[in-house]
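Take a look at the structure below. The text after it walks through the chains, then stops at single residues.

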Amino acid sequence: MRVIGRRVIVLGVVLLQLGFIARGYSADHKEFAFQMFPESSTWRADVVRVTADERRVPVEIPWDGYSWDELVTERGLSHPSFRHHADAGLDNQLAFLRAALDWVAANTPRDHATRYLEARVTAWHNDDPPRVEVFRSPVREMSR
Amino acid sequence: MSAPAATAPLRGAGVLARLDELLGREVSLRALSLLRVLVGPIVLLHLAPFLSDSLHGRTYQDVFHEPYASWYPELPEGAYIGVLWLGAVAAVAMSAGALMRLAALTRVATVTTFAVVAYNVFLSTTHFHNNRAYLVIVLGILAVAPAAQAGPAWPLWLLRFECAAVYGASGLSKLLDPDWFGGTVTWQRVLHDRADLHPLPDWALSVLTDRDFHTGAAKVIVLTELFIALGLWSRRTRYAAVWVAAIFHLTIEASASVQVFSFLGIAVLLIWAVPSTRDRVLRIDPRAPLARVVGALDWLARFRVEPAAPGSTPEVVDRDGTTIRGRPAVAFALSRLPLTAWFALPTLLLPAVRRARAA
């Protein structure tokens with residue numbers, strides 16, 4: 001029994017690890033894939049709050065007691081308007097940015113003016129020409 | 001049934017028996033004990049930013065985070081902070097327990113440390129970094145390994161596989177990426193960070209920003225990672241791979257922010273020591289400096305020290321019976337101690353030492 005258990009654990013971990021490494025070639029978040037310093041890609045974004053009356057207010061301006069750089073402190077997202085290195089790859093970085101938009105939209109209850117957050121992203125994959133994308137958070141419940 | 005078809009199951013059973021023998025063989029687990037001692041402070045270093053934030057009344061819950069799964073349990077803020085501190089205490093206990101050979105304490109502390117670190121890392125996608133993933137793996141294997149001086153070899157094999165996988169996966173991903181292997185990625189990184197390179201002399205700046213330099217340098221980096229991943233498995237290349245890996249980590253530490261990766265990467269290299277003890281003999285005057293050095297630093301119990309006559313030259317008998325005397329013996333002994341190995345290993349390439357070992 002102990003021998004079989006040992007086999008199962010060792011082969012299980014080995015297969016799982018190989019699976020994670022293979023998954024890293026397609027996933028935005030490459031957990032346990034150990035792809036270190038994968039790209040020299042850079043990015044910057046103009047992130048705005050789009051209000052019910054269609055105003056587009058940069059998140060660099062604090063609102064209702066909130067401040068973007070205090071709400072979003074991780075993964076190099078604190079100051080999106082500056083051009084940054086996407087240190088775990090562009091797909092990973094932009095996945096985090098999309099998630100951050102969603103999180104801020106859902107976790108700023110004192111804000112009754114913002115309909116959604118929007119990021120206009122300029123991304124440079126390695127030395128490729130820049131690519132522009134627009135991400136939006138879901139429309140916020142409190143502004144409906 | 002044809003002859004090849006009949007022998008196939010036998011071959012399969014033979015492979016399985018060999019695998020079972022390899023995984024179940026009783027080996028020295030001193031390397032894992034020493035690794036526990038070293039990983040304790042690394043865990044403290046890893047937890048430090050979380051603990052520092054908690055002292056200022058902040059946790060991940062107050063800022064952007066992204067849970068992996070909605071069902072993953074999240075603790076109230078006070079309890080979460082308590083768990084982080086428990087992890088820090090457990091990490092200290094793990095190191096202390098391993099140092100003092102208190103098996104029960106070591107086992108409980110290692111499992112607790114692993115549970116806290118893994119729980120915290122999996123709380124949010126934003127907590128995940130490669131160095132933390134490696135730390136979770138190392139702690140997980142240490143948690144299931146016996147906290148004894150000897151035991152079955154399977155945790156050691158598993159950790160060796162994971163160690164090689166880290167370098168192999170990193171090297172392979174760069175090898176398969178034309179931008180990386182062709183030098184574009186490193187060249188672009190240097191160009192973006194050129195402002196930070198101003199302390200370097202002009203000639204160094206000129207080399208580092210030269211596109212052609214990166215065409216070659218990128219291949220050296222990729223092949224270095226792959227050499228470490230593969231070289232660790234063969235006894236002929238293992239010492240070279242460990243030596244190169246140490247330089248590799250120090251270079252990364254000097255040039256990039258990688259949290260605990262360098263410390264962990266270097267510490268885990270210990271597990272590549274042959275898991276047997278006292279199978280080399282060192283005959284030496286007990287008052288000689290080398291005797292004291294070996295007495296203090298032979299943490300993996302490489303040598304059985306036998307007292308020799310006062311003033312006699314040191315003598316090492318290797319596993320294969322080869323006897324080395326004098327300075328080559330000193331160089332050889334130092335090359336087998338964890339703390340001096342990196343400095344002493346290159347001296348084994350000196351002609352005098354090579355001749356002495358071949359004699």
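**A guided walk through the model**

A:Asn126 is buried, because its relative accessible area is 2%. Buried means under 20% relative accessible area, exposed means over 50%, and partly exposed lies in between (1.4 Å probe, protein chains only). This residue sits in the loop between β4 (114–124) and β5 (131–136) of chain A. The phi of A:Asn126 is near 45 degrees, which is a positive value in a residue other than glycine. Helices (H or I, at least four residues) and strands (E, at least two) are DSSP runs, numbered from the N terminus.

Some ground rules come next. This is a predicted model, in which local features need pLDDT of at least 70, side-chain atom pairs count only at pLDDT 80 or more, and totals for chains, interfaces and linings use all residues. Residues are numbered from 1 along each chain as its sequence is written, chains are lettered from A and ligands numbered from 1 in the order in which they are written, and side-chain values use heavy atoms, with hydrogens and water left out.

How far can the model be trusted? Its scores are ipTM 0.92 and pTM 0.93. The predictor's confidence in each residue is the pLDDT, from 0 to 100. Chain B averages 94, and 97% of its residues score at least 70. Within chain B, confidence is lowest in helix α1 (residues 3–24), at a mean of 78. Confidence is highest in helix α6 (residues 154–175) of chain B, at 98. Where pLDDT is low, the predicted coordinates should not be read in detail.

Now take chain A as a whole. Chain A has 3 helices and 5 strands. Along the sequence, their order is α-β-β-α-β-α-β-β. The C-alpha atoms of chain A fill a box of roughly 65 × 40 × 20 Å, taken along the principal axes. The radius of gyration of chain A is 20 Å, whereas a compact globule of 144 residues would have one near 15 Å. That radius is taken over C-alpha atoms, and the globule rule is 2.2 Å times the number of residues to the power 0.38.

What share of chain A is buried? Of its 144 residues, 48% are. Contact means heavy atoms within 4.5 Å. Among the contacts in chain A with a separation of 6 or more, 63% join residues 24 or more positions apart. Chain A exposes about 7200 Å², and carbon and sulfur atoms supply 57% of that area. Such areas come from the Shrake-Rupley method with a 1.4 Å probe; for residues, only the protein chains shown count as cover.

Stay in chain A and find A:Ala105. This alanine is in helix α3 (residues 90–106) of chain A. A:Ala105 counts as buried because its relative accessibility is 6%. Which residues does A:Ala105 touch, not counting those up to four places away in sequence? They are A:Leu117, A:Ser137, A:Pro138 and A:Arg140. A:Ala105 and A:Leu117 are 12 residues apart in sequence, and their C-alpha atoms are 6.6 Å apart in space.

Move on to chain B. Chain B comes to 16 helices and 6 strands. Its C-alpha trace spans about 70 × 70 × 55 Å along the principal axes. Of the 359 residues of chain B, 48% count as buried. Chain B exposes about 16700 Å², with 68% supplied by carbon and sulfur atoms. Of the contacts in chain B with a separation of 6 or more, 69% are between residues 24 or more positions apart.

Start with B:Thr110, in helix α4 (residues 103–121) of chain B. B:Thr110 is buried, because its relative accessible area is 1%. Leaving aside neighbours within four places in sequence, B:Thr110 is in contact with B:Arg36, B:Met94, B:Leu139, B:Leu142 and B:Ala143.

Next comes B:Ala301, in the loop between α13 (289–297) and β4 (303–307) of chain B. The phi of B:Ala301 is near 55 degrees, a positive value in a residue other than glycine. Is B:Ala301 buried or exposed? At 1% relative accessibility, B:Ala301 counts as buried.

Finish with B:Ala254, in helix α11 (residues 235–255) of chain B. B:Ala254 is exposed, because its relative accessible area is 71%. B:Ala254 and B:Ala79 are 175 residues apart in sequence and 37 Å apart in space, C-alpha to C-alpha.
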